[in-house]
Every structure is written in C-alpha cells, then in structure tokens.
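The overall form of the chains comes before the individual residues.

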Amino acid sequence: MSGYRPGLRARLAAVIFAASATVTFVGAAALYAYQVASLRGEARAQAAQEVRELEPDLVELLATGDVEAAVGLVRRIESGGALASLVVRDRAGRALLLYRRGEARAVEDAAAAAPGPQAGARVVLPVRRGREALGEVAAAVPLAHYEAHLASYRRLAAPMLAGLLALSLLLAVALQRRISAPLLALAAELREIGRRRDFARRVRTGLRDEVGDLYAGVNRMLEALEAAHGELARREALHRAVLEHVEEIVYRVRVADGDLFGGEVEFVSPRGAELLGVRPEEFRRDPALWLRHMHPADHARVREATEALARGARSVVRVYRLKDAAGEWRWMEDRVVAERDRAGRIVALTGVARDVTPQRRWAGALERLVSVARELLEHVAEPECLRRTVAAAAREIVRADVAALSLREDARTCRYVAVEGADVGLRPGTCFDLEAGGLCGWVAAHGEPVRVADIAGDPRVGADRAAALGLRAALVVPVVDEGRVVGGISLFRREARPFDASDERLIALLAGITAIALRMQGLVLGLEDHVRARTEELRALNRELEAFAYTVSHDLRAPLRAIDGFSLAVLEDEGERLGPEGREHLRRVRAAAQRMAQLIDDLLALAQVTRGELRSETVDLSALAREVVEGLRHVHPGRRVEVDIRPGAVVRGDPRLLWTLMENLIGNAWKFTRGREPARIEFGWEESGGERVYYVRDNGAGFDMAYADKLFRPFQRLHTASEFEGTGIGLATVRRVVERHGGRVWAEGAVDEGAVIRFTLGGGRAAPRRESAA
Amino acid sequence: MRDGCRGKTILLVEDNPDDEALTLRALRRNRIANEVVVAHDGVEALDYLFATGRYEGRDRHEQPQVVLLDLKLPKVDGLEVLKRMRAEELTRRVPVVVLTSSSEERDIVDSYDFGANSYVRKPVDFEQFMEAVRQLGMYWLLLNEVPQA
C-alpha cells in the first residue's frame, strides 16, 4: 500500500473538482464583466440623450458664442438631468464652455482648458445646424448609481458560487467512483493472485470499455503466467526428483579468493546429508564438514587433485573415503568441474560424487577370493586349516562379526567345523539337526541362500535363540557340490545392519571355491590314504624280503658250509683210502658248494641294491676306482694291468651302492682282460647331450653286440664258467645301482676287442631336490 | 693258559650241529686245547654264563676266556645274549666274537653297538674257516689281555 501519495480516488476527485470549479469561476466572472459593460452602455446612452435635449441651446451658443446662451444652457443643465460635466468646443477645437456640476466657467483659451471630467461614462457628440458642423460637445454622467448596482450583484453572487463549488465537489466524488472502482477491484484481485501465486484465477468485469480491455489483457497475461509457472513447476519437480533420487551426491560450492576448500556450500543434494548422517543445512553452516568426514589418509591426494583445477584443469576426479552415518568408510569418486569468471578465476565448483564402495569392495573381495583359492589349494590336505581359512575369509570379505562353516555329516545332521570371530554361542564341533529348522536347515532344504536383517524376528530362528547368540543380521549360503548341499557358510552381525546382495554374491563365490576345495580335499586325502596304504604294503614287503634275504644268507650257507667242511674232513681223514677219483669227486663237491655260496652272496648283493633307503652324499668315483684296483692288485699280485683313472669324478649318490657299481665294473674289466698283455683298464667320462657319461673301458675278451641286451640281465652270461668265472649277476647289479640313481647304462664291444660300459647317474637324481634347493 | 678266575674255557654258542662239529674240528686241528663248552641256544648260553638252570652250582666267577657267539639262535638270539652279558658286571668284559653266516650290514653294526669285540663271518670254504679259527685262537687266547677281575 502506498500511503505516501494520494490514491487514485483522491486524484480523480481532485481533477473533477478542479475542472468544475474552474468552469464555475469563469462563468461567474464573464457574467460580471457583462454586467459592468451593459451598465456603462446605459450611462453613455443617457448622457447622449441629455445632450440631445440641450441641442438648441448648444447650437445657439456655438452659433453666437454668446454668454447668455451659455448661462441659459447651464441653467437648463442644472434644472434637470444628471450630467456631471460638459465641455463644448468649436470647429477649431477651442473650448467655449467647461461645466462641472457645481461650477461653470467660460473658457477663453480652450487649448489651455483642462480635460473634461474623469469619473463616469463619457460621450463625445458633434453639434450640427442643418448640415453644417458647428463643433462638438463632450459629456459625462456619474457612475455611482451603477456601482451600487454591481455591489448588490456581487453580494448575491458569492453564496451562489460557494453552493456551486460544493455541488461540484459532491459530483466529483460521485463520478470518480464509477471510474476507479473497477480499477481498484482489479488491483485488489491482482494483489491477491500475487499473494497466493494462484495464476489459475481470472479477473472478471461487465465493462466493455477500455477497463474491460484492461481486464482482458490482465487475463491473457495470467494465462501466459500460468503456463510459464506450470512449466517451471514441472521442471523444478523433475529437477528435485532427480536430485533427490540419484545415488550420486550433486553439489555446488562458491569459491571466494581462490580458496578451493573453504567456500560456501550453496547446494548439496539430499543423498549427501543422508550418507553422512547430517541435516542438509549443516553443509551450508560448516564448509569443512566434508573434509572432517574424509579419511585422514586421503586428504593429501584430494588436495593434490583439487589443486590441478587451480593450475587450469577444467575438471578433475577425486577419489577418497568418507565416514558414513554408520561409521563405515565409503569410497567416493568425485568428478568436479570448475566454473570461472571472465578473468579465469574460479568462482564455483560443481561436482558429482559417486559412491564406488561396492565396486571397490568387489575388486578387493575378488582379489581376496583369488588369494583364498590359492591358500585353500596349498592347504587342501589339511582339513582344519582349510575350514578355518574359509571361515576367516568369509568373515573378512563381508565384514561380519561371526563366520561359521558347517559341513553335512549325513542327511539329517550338520556340524559346525569352523567358527571365526567374536565369542558367541556357536562352537566348532557343534552338531545340529537340519530338520529341526533353523536357517541352515532351511538353506540345506532349499539349496539357496538366505538373508535376514534380524534373526530375532525370523520364525526359523526365534527370539530366544537369537538372544542367546547375541546376533542380529544373518546370511547363510549353501556350499553345493554336484547339486548337493554339502554344507553352508553362515555369517552374522551383532547389530541389525543387514547383509546386501553383493555380500551374498561374494559369499556364493566363496562357497563355490569351498565346494571345489572340499572335493579336492576328498581326492587328495583319499590319494594320501592310498599312498600311505601302499607305502605300508611296500614296507611290509620289504621287511619280508629282508627277512628272506637274512634267512637265505644265514640258513642256505650253513648246509653249504657243512658240505664243504665235511668233504674236506673226509679228504683229510680218509683221503688215502678214497683213491684219486674219489678225491676228485669230493673236490668237485666242495667247488660246487663254494660256487653256490658265491651265487648266494651275489644274489644278496643284488637284493641289497634294490632295497633300503638311498642316501645322497658326495662320492668320488675316481677314488673308488683306485681303491677297487688296489684291492684287485692285492688279490692278484701276479697280474700286470695298466690302469688309467681320470681323477675328479665327483658325484652325489649312495656311497655303498656306488662302491658296488665300481667294484663290479672294474672287477669285470680286470677279469676279462686276463691273458692280455698288456691289459688296459680305463675309467673316465665325456660330456654328451648336456650330461656326463662315465665309462669303464678295457681291452679284454669283449662280447658280441648281438647279445648286448642280455648283458644286464641277471644270470645271463656270455662266457662259460671255464673261460671266466662268475655268476652273471654283476652287471644286473650295476644296472640296478645306475637306475636307482636315475641314470642309464649301456655297453659297446666286439669279441676280442674289449668292451666299454657307459653309464650316467641321471644328473644326480639321487639328490636333485636338495641340490636345487640349496 | 693263564692263572686266575678266567679259565681256559671257550664258550661256543651254536645251534647247528654241523657248524658245531666243524668248529670243534677247526679248533682241534689248530691245536687249541682249551675246554670248549657248547651251548645250543641263547638260554643255555646264559645259564652257563650266570650259573643258572642246567649249570646251577657252577662257579659264576669262572668266566670263559672267549665266547664264540652265533647270532641266529633258538629261544634267545645272539644279540640278546650279548646285550645281557654286557649288562652284567660279571660278564661285561668277557671277549665276545660274533661268529655267524650273516654278512648283513645291520647285524655287524648291531653286534658292535651291543659290545661285540669282533665279528667274523663263517666262510663256506672250510679251509678259509680253519684259517679264521686259527687266527681267532691266536688272537683271543694268546695275545689278548683282559683285566683281571
């Protein structure tokens, strides 16, 4: 309301009143002027009339110039009439008579005469006789009479004027109402519309004039306004809906003086307040709220990223953690755009921050799952370790308070085999009946996971059990192998913070890995059992073999000894009586017994090579060869044999077996070079195909290559016993020794051209592990 | 050959009569005239040594000059006899020569571990056996000094 200026009504009334008052005043003034003019006319007509009545006297006077005539004239003027003054002039303009009521004089010099009387109405008339102009006369009548008349007229006019003014004022007030009322009504209506923002309202009037047009114009304007307002409201609703429902946090911060961290927060979409658990207005009040919720370790990185904006980047992505309402760290990916003024200064930051915690969790959890799978693989043969690993990983991946792995014992029962986490009512080893209900029972029956926000309210658990356990949120995922539920992974939280779908998916993955690991465990343990059983079998067999060998060595030799001993006793005691043939027979008996004893010894040696642990030590084959040769020279001092032993054949292997090897090879060479002059035996090696091939070469009897494959079989001989003694077991023993060391042995030779026995020791398979590990 | 508690006795522990006869022959042929007591199993050997059972009443303090001990014996085997001998003060220092058919490494090691003084494998060739017995007699009956109990 504008109280400081007259309103429309007052102004309209004033204008109308001013107009009518002006008209009244002008009318009254004109009337008055007319009155004055008509009264003067009347006075002049009277003066002329009276002069005409004096005409004879005037003619006479002018004609004669006689004083008598003048006196007569004055007398006549004074006897009657109202003339106040009279001046008579002749043709030359000389004044003949000056008369003023009360005084009369003849004027000698008209030119010097004073002008005629001033007051009253004056007339100047010519005086004629016939056609002859004699002179002129000027006369005046007094106006006092008319003055009185005008005064009475004025007395009458004043009240009349006041009445007229009052009337026009009333008229003005009444008239302005007709004009102002629709306008004021319009104004009031518009004010109301403005106040209510009700642009759907329309103004109405019966008028068809310009005011009517005004109303119509206003209505058109309201229509446009309504349309625009509706559009605006729709857009705003959309805008709000978008901002309220998007998962992203949209914000805008005004930047002052280049401070990119302390600016005034103009806007934060509702998700921001919801995430941090604050009221929306707190953002505006406290610009540092955001920084205070940020993980301290992320400040430096965020600062660095933000400062890239100051250096000219249009937008940057900031990644950081915020502590949410529940006190959990949420990973945010915050894309922020700088708004700049013309000078390039940053005036505002607009950003969209996305909660990427689930993606990050997935990435992290998947990595964890891979490492779990690797761990399970490593510990697949250790059931306790495997179970604990699964439970611990499950607990960690979904950040549960308690994790338990249960495995099915039979159709009805399940057992908790590992429980990780806070001390609760769940104990590892506890058995439970699947048909008695419970979440595990449900999961086992349905084969699908179950998530419960609060087990106290779940009929499958019941409030009593939930209270006893002290747990609220639960997630149970079945471990399924070949469509059969073989167990379950149960997770619990103390508070009713429910597990989500991604928790469930992650645990389902873990359950899959667990199922595979359990299957593998079954296979591995089965295999181990099998290996253990076989090893035991082999050990028993070995023990039997040992006992057998012992018996052979002990018990088979005793009768041979008796045969030999008593044969000799007979020879010694009764030799003379037997005669030469009898003595020869007994000598053969003794030789046979001794040969059999040798056979037994060789067989035992062969058996010894086969059984027993293989030791791994550093062995110098060259030294062994020298020792063997020394022994042979001692036994056969008469033999001349050239021996060439290359020093430094150091290998890893079993010293006892390698001694047997060298003893046999060099012994053979010694034996088969008998009769050669000179006999030559050579021990050495050559590099072939990346491995060392040792050889023992001699220039002895050699052999036919056609039988080369027979050489290494037990009891196979290429020479008769009369040529070369032997049991045919030596090279078989050599082959056993070489094979136990992971090597190969083969022979080359020709009859009477000597033989070469070559062998490898398999790169020391006797001890490859220990060497490579060292 | 010497005075004192140790007599000239040789204790031969041998279950095989052939080996017993051959050993006795070998001793005889080597002119070893010491009295030879033969025990046919471990129990008999222990009875003799500790003057129990069949040998009750024997002077326990008279211990053999050497024990020729076979390992494979009925009832109580040779190693057990050796172990028991070494556990008793009375027989702790009596020389024991293990005389056996076995050339098993394990038997040799065990024998020495239990306190055998020597280990001889009976050769099949009786001439070699005689030679071995001759050397044994020379060494254990003539050269070897034992502490006087």
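Which radius of gyration would a compact globule with 149 residues have, and which does chain B have? Such a globule would have a radius of gyration near 15 Å, and the 14 Å of chain B agrees with this. The radius is taken over C-alpha atoms, and the globule rule is 2.2 Å times the number of residues to the power 0.38.

The model is predicted: local features need pLDDT of at least 70, side-chain atom pairs count only at pLDDT 80 or more, and totals for chains, interfaces and linings use all residues. Residues are numbered from 1 along each chain as its sequence is written, chains are lettered from A and ligands numbered from 1 in the order in which they are written, and side-chain values use heavy atoms, with hydrogens and water left out.

**Chain B**

Five helices and five strands form the secondary structure of chain B; helices (H or I, at least four residues) and strands (E, at least two) are DSSP runs, numbered from the N terminus. Their order from the N terminus is β-α-β-α-β-α-β-α-β-α. Of the contacts in chain B with a separation of 6 or more, 63% are between residues 24 or more positions apart, where contact means heavy atoms within 4.5 Å.

**Chain A**

Chain A has 18 helices and 23 strands. For 774 residues a compact globule would have a radius of gyration near 28 Å, but the value for chain A is 74 Å. In chain A, 57% of the contacts between residues at least 6 apart in sequence join residues at least 24 apart.

The table sets out the two chains. Buried means under 20% relative accessible area, exposed over 50%, and partly exposed in between (1.4 Å probe, protein chains only). Accessible areas come from the Shrake-Rupley method with a 1.4 Å probe, and for residues only the protein chains shown count as cover.

| Chain | C-alpha box along the principal axes | Buried residues | Accessible surface |
|---|---|---|---|
| Chain A | roughly 260 × 70 × 40 Å | 39% of 774 residues | about 43,300 Å² |
| Chain B | roughly 40 × 30 × 25 Å | 56% of 149 residues | about 7,100 Å² |

The domain assignment divides chain A into domain 1 (54–142), domain 2 (246–355), domain 3 (365–612) and domain 4 (613–773); such bounds come from an automatic or database domain assignment. The centres of domain 3 and domain 4 of chain A, taken over C-alpha atoms, are separated by 44 Å. Between these domains of chain A, 11 residues of domain 3 are in contact with 15 residues of domain 4.

**Individual residues**

Most residues other than glycine have a negative phi, and most peptide bonds are trans. Glu482(A), in the loop between strand 15 (473–481) and strand 16 (484–493) of chain A, has a positive phi near 50°. Glu482(A) is exposed because its relative accessible area is 69%. In chain B, Arg31(B) has a positive phi of about 60° and lies in the loop between helix 1 (17–29) and strand 2 (36–39). Arg31(B) has 75% relative accessibility and therefore counts as exposed.

The peptide bond from Glu677(A) to Pro678(A) is cis, with omega near -5°. Pro678(A) belongs to the loop between helix 16 (655–672) and strand 20 (679–688) of chain A. Another proline, Pro637(A), is found in the loop between helix 15 (621–635) and strand 18 (641–645) of chain A. Because its relative accessibility is 67%, Pro637(A) counts as exposed.
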